[in-house]
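Subject: Structure handover

Hello,

Here is the structure I promised to pass on. Please open it alongside this message.

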Amino acid sequence: VAYGLADGGGRSLELIHPAFARLSNQCAGAWADSVAVSGTPGQVNSVYTNYPKPALGDVRHDPPRPFPGSAVTISARVAGRDSDAPDVNVLYRKDTTPPGAWNILAMSDNGTNGDVTSADGTFTVRLPPSGSAAMTNGEVLEWRIAVCDPIGTLTFPATNTAGITNGLSLSYVACFSDDTNYTGEYATYYLVTTATNRSLLEHQA
């Protein structure tokens with residue numbers, strides 16, 4: 001989890017609520033920049049709230065570069081203050097210009113449909129869902145994850161905590177393509193973005 005002022009700006013990275021200490025990694029929504037420079041050692045964290053919204057982390061998609069016509073498994077570790085079982089939905093769409101409407105599908109933590117272990121706080125979904133139009137070569141799937149519990153709702157990727165978005169729309173993405181023809185000795189790395197964000201980046205001064 002990257003935070004602006006806690007990354008060299010003199011602030012500390014503080015846990016919002018002790019309940020999130022059970023998470024093994026720094027999940028978005030569980031941590032925030034301290035209000036005071038150098039934090040509040042020996043005192044209650046300056047960002048503490050008794051009513052924290054849900055937290056999310058370890059967002060993954062497998063395979064990293066799915067083949068055209070296949071499905072990608074998306075998973076995320078989700079937690080609320082009192083429970084690891086909030087309502088979790090994925091908002092997804094094929095990347096187009098202009099962008100289309102979001103589709104909504106529930107993510108599950110019941111050991112089915114790609115979910116490895118039931119009730120472990122990791123929610124999973126496979127996209128595109130069975131019966132939907134297949135992703136073709138070069139198409140990009142864009143998605144966000146909405147988490148809701150009795151305290152509140154957050155959609156991830158959350159608004160950049162550092163306040164630096166440069167007008168970009170934040171989403172998770174995966175490109176469906178076939179690169180099996182590459183036979184070189186070096187690893188190949190890809191930078192995947194939406195058409196909208198690519199246009200913004202290309203035209204920024």
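My notes on it follow, grouped by topic.

This is a predicted model, where local features need pLDDT of at least 70, side-chain atom pairs count only at pLDDT 80 or more, and totals for chains, interfaces and linings use all residues. Residues are numbered from 1 along each chain as its sequence is written, and side-chain values use heavy atoms, with hydrogens and water left out.

Backbone first. Strands here are DSSP runs of E with at least two residues, numbered from the N terminus. The peptide bond from Asp62 to Pro63 is cis, and its omega is near 5 degrees. Pro63 sits in the loop between strand 3 (55-62) and strand 4 (72-79). A cis bond also runs from Leu127 to Pro128, with omega near -10 degrees. Pro128 belongs to the loop between strand 7 (122-127) and strand 8 (140-149).

Next, positive phi values. Asp58 is not a glycine, yet its phi is positive, at about 55 degrees. Asp58 is in strand 3. For exposure, buried means under 20% relative accessible area, exposed means over 50%, and partly exposed is in between (1.4 Å probe, protein chains only). Asp58 is partly exposed at 31%. Asn113, also a residue other than glycine, has a positive phi near 55 degrees. Its place is the loop between strand 6 (103-106) and strand 7. Asn113 has a relative accessible area of 44%, so it is partly exposed.

Now the interior. A nonpolar core is a set of buried Ala, Val, Leu, Ile, Met, Phe, Trp, Tyr and Cys residues joined through side-chain atoms within 4.5 Å. The largest one has 21 residues. Those with the most contacts inside it are Leu56, Met107, Leu127, Leu141, Trp143 and Ile145. Two or more residues come from each of strand 4, strand 5 (87-94), strand 7, strand 8 and strand 10 (172-175). A second, separate core has seven residues, including Phe20, Ala30, Ala55 and Ala79.

Contact means heavy atoms within 4.5 Å. Neighbours within four places in sequence are left aside in each contact list below. Leu141 touches several residues, among them Val72, Leu127, Met135 and Phe176.

Which polar residues are worth a look? Start with Glu142, in strand 8. Glu142 counts as buried, at 3% relative accessibility. Its side chain makes a polar contact of 2.8 Å with the side chain of Ser171. (A polar contact is a pair of N or O atoms within 3.5 Å; within protein, one must be able to donate a hydrogen and the other to accept it, and residues adjacent in sequence count only if both atoms are side-chain atoms.) The contacts of Glu142 also include Trp102, Ser169 and Thr194.

Then Ser34, in strand 2 (residues 31-37). Ser34 is buried, with a relative accessible area of 1%. It is in contact with Arg11, Ser12, Glu14, Gly39, Ser46 and Val47.

Last, the cysteines. How many disulfides does the structure hold? It holds zero, a disulfide being a pair of cysteine sulfur atoms within 2.5 Å. Cys148 is partly exposed, at 30% relative accessible area. Cys175 counts as buried, at 12%.

Best wishes

Terms used:
Helices (H or I, at least four residues) and strands (E, at least two) are DSSP runs, numbered from the N terminus.
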